[in-house]
Amino acid sequence: MPSTTEPLPREPAALTRLRRDTHLAWLAAFAVALHLIEAALPPVIPGIKPGLANVITVAALCLWGWRTAAVITLLRVLVAAILLGTLLSPAFWLSLGGATASLAMLGAGRAFPGRGLGPVGYSVLAAVAHIGGQLLVAYALFVQHAGLFVLAPVLGLAAATTGTLNGLAAYLLVREWHTESTHGDDVAGD
Amino acid sequence: MTAFLTFLREATTPADRVALVAAWAGMVVLAATAWSAPAGQEAVVIVGGEEVRRLNLANEQRITVDGHLGPTELRVRDGGVRFTHAPCSSKRCVRSGWQHRQGASAACVPNEVMVRVVGNHSEDWDAVNY
């Protein structure tokens with residue numbers, strides 16, 4: 001894998017940082033765009049969203065590691081909330097709770113032995129963790145009633161579905177960026 | 001279909017497959033446990049909004065209660081309860097069949113007779129809306 005976050009031989013440190021920051025900015029912008037498109041779509045089933053922005057998180061994890069994925073995801077949650085006007089509202093806290101839980105799960109998922117997880121496995125685990133985190137935040141901050149968890153199976157099955165599909169999308173994205181090295185023309189030699 | 005399965009094989013590592021099976025199985029088990037209400041212990045018979053009888057579902061029995069339209073027959077067997085005869089015209093109550101689980105109910109609306117299965121600490125939801 002051409003890791004574009006690794007410095008080239010004898011490259012000035014500033015250039016390496018610039019390259020890394022450029023990747024971060026691009027990916028965060030993609031993720032924010034997906035988040036906004038999704039917010040504009042009519043909800044087919046209330047409370048259930050496809051979570052398309054997580055495709056970017058998973059692809060970033062597989063291509064550039066957990067820290068990059070975490071920075072992109074947290075930036076996306078913050079910027080999307082500012083643009084949608086939901087900053088510090090319940091929707092923002094739910095979004096942040098879900099993102100934190102799925103990032104924790106992605107971090108833990110790296111411990112898998114052997115070839116380890118690919119985009120699909122990461123995505124489905126993160127989606128399930130996302131719902132878990134959201135339900136906990138919703139319970140802790142907004143609805144202190146066990147009735148909330150009657151929703152868990154509906155949301156959980158939806159998360160497994162969207163997590164699997166997003167994972168396949170992330171796989172295609174990783175494969176594409178890998179072979180064409182869209183983000184690394186200057187390091188194609190390694 | 002075959003093409004999709006081939007794609008799925010190509011797109012996943014062994015660990016991915018483990019994760020997929022675990023996540024899906026976990027959610028299905030969660031759904032199954034959350035949605036299958038436990039078996040009830042008693043049936044409450046309600047006529048005109050007032051509770052008139054409580055039937056232990058462990059005892060096989062037939063009872064007749066007086067509804068708004070006339071005598072209505074209920075039967076308890078194998079931990080369930082059902083309407084067997086009612087003086088209403090639609091017989092929807094009879095066709096509702098056996099009710100076993102906590103929160104389950106059958107009603108003869110024109111006759112104002114309803115039977116509802118309850119448990120020891122029955123706190124169940126009729127419906128969930130959000």
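Reader: Which residue takes a positive phi in the hairpin of E1(B) and E2(B)?

Author: In that hairpin, where two residues lie between the strands, B:Gly48 takes a positive phi near 55°. This is a predicted model, in which local features need pLDDT of at least 70 and side-chain atom pairs count only at pLDDT 80 or more, while totals for chains, interfaces and linings use all residues. Residues are numbered from 1 along each chain as its sequence is written, chains are lettered from A and ligands numbered from 1 in the order in which they are written, and side-chain values use heavy atoms, with hydrogens and water left out.

Reader: What makes E1(B) and E2(B) a pair of strands?

Author: Strands are DSSP runs of E with at least two residues, as helices are runs of H or I with at least four, numbered from the N terminus. Two strands pair if DSSP finds at least two bridges between them; six bridges join E1(B) to E2(B), which run antiparallel, so these two strands count as paired. Within this pair, B:Val44 stands opposite B:Arg54 in E2(B).

Reader: What makes B:Asn111 buried or exposed?

Author: Buried means under 20% relative accessible area, exposed over 50%, and partly exposed in between, with a 1.4 Å probe and protein chains only. B:Asn111 has a relative accessible area of 0%, and is therefore buried.

Reader: How many residues does helix H4 of chain A have, and what span is expected of it?

Author: Helix H4 (residues 90–109) of chain A has 20 residues and reaches 28 Å from its first C-alpha to its last. The expected span is 1.5 Å times one less than the number of residues, and the reach of H4(A) is close to the 28 Å expected. Its buried residues include A:Phe92, A:Leu103 and A:Leu106, and what covers the buried residues of H4(A) includes helix H1 (13–40) and helix H5 (119–142) of chain A.

Notes. Contact = heavy atoms within 4.5 Å.
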